[in-house]
Amino acid sequence: MATVASCIVDVSARAVDRAFDYLVPEELAGVQVGCAVSVEFGSRPVVAYVIGLRSEDPNAAGYKLKPLAGVLSGPYFDEPAAQLAQWMAREYAAPLSECVRLLCPPGGSPKMKRIDGRWELVHPGAGPVDDRWVFLQPAAATARLPKGAVKQRKVLDALWGARGRPAAPSRRRASCA
């Protein structure tokens, strides 16, 4: 008996919108549901996601299974999440690879890209977090929002935070006596 992995290839095409089986070599026996793996698909390497594992006789299928080429990550999701992705694909007529990709961290899943005629693995990764995405300009102290701008007012109040919002200038006109 050998371990067989059901994998979703990260290719957005209706013609390949199903799971493909790959043999798990002994050196990759630690692969789990949710792992990103490298597989040979047609004549090129692609990234795929394991959505199921089972033990079976590899010769019983009547055809030879290709082996997994490598494990690229730890598990991004578990078996119930893999079932959720399959349900979403059926329910919303969405490509299965797109539904599986929703379970992966943003910017964290590896990709195969053709660079100078060769296929190379690229780990995009997210950049460092910058806490200066939103900040108040000096003009915010005198901003006059329309009466119905409830959400904008909440955003400004949140940005002022503990510093406290400065007092708004008086709207009364000076009168001469």
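Colleague: Cys104, buried or exposed?
Modeller: Buried, with a relative accessible area of 9%. Buried means under 20% relative accessible area, exposed over 50%, partly exposed in between, using a 1.4 Å probe and protein chains only. Keep in mind that this is a predicted model: local features need pLDDT of at least 70, side-chain atom pairs count only at pLDDT 80 or more, and totals for chains, interfaces and linings use all residues. Residues are numbered from 1 along each chain as its sequence is written, and side-chain values use heavy atoms, with hydrogens and water left out.

Colleague: And Cys7?
Modeller: Cys7 is buried too, at 0% relative accessibility.

Colleague: How many disulfides?
Modeller: The count is 0, taking a disulfide as a pair of cysteine sulfur atoms within 2.5 Å.

Colleague: New topic. What's the strand order in the sheet?
Modeller: S2-S1-S4-S3-S5, an open sheet of 5 strands with antiparallel pairing. Strands are DSSP runs of E, at least two residues, and helices are runs of H or I, at least four, numbered from the N terminus. Two strands pair if DSSP finds at least two bridges between them.

Colleague: Which strands are at the edges?
Modeller: S2 (20–23) and S5 (70–75), each pairing on one side only. S5 pairs with S3 (residues 35–41) over 3 bridges. Val71 in S5 is the bridge partner of Val37.

Colleague: Where does Asp78 lie?
Modeller: In the loop between S5 and helix H1 (79–92). Asp78 is partly exposed, at 44%.
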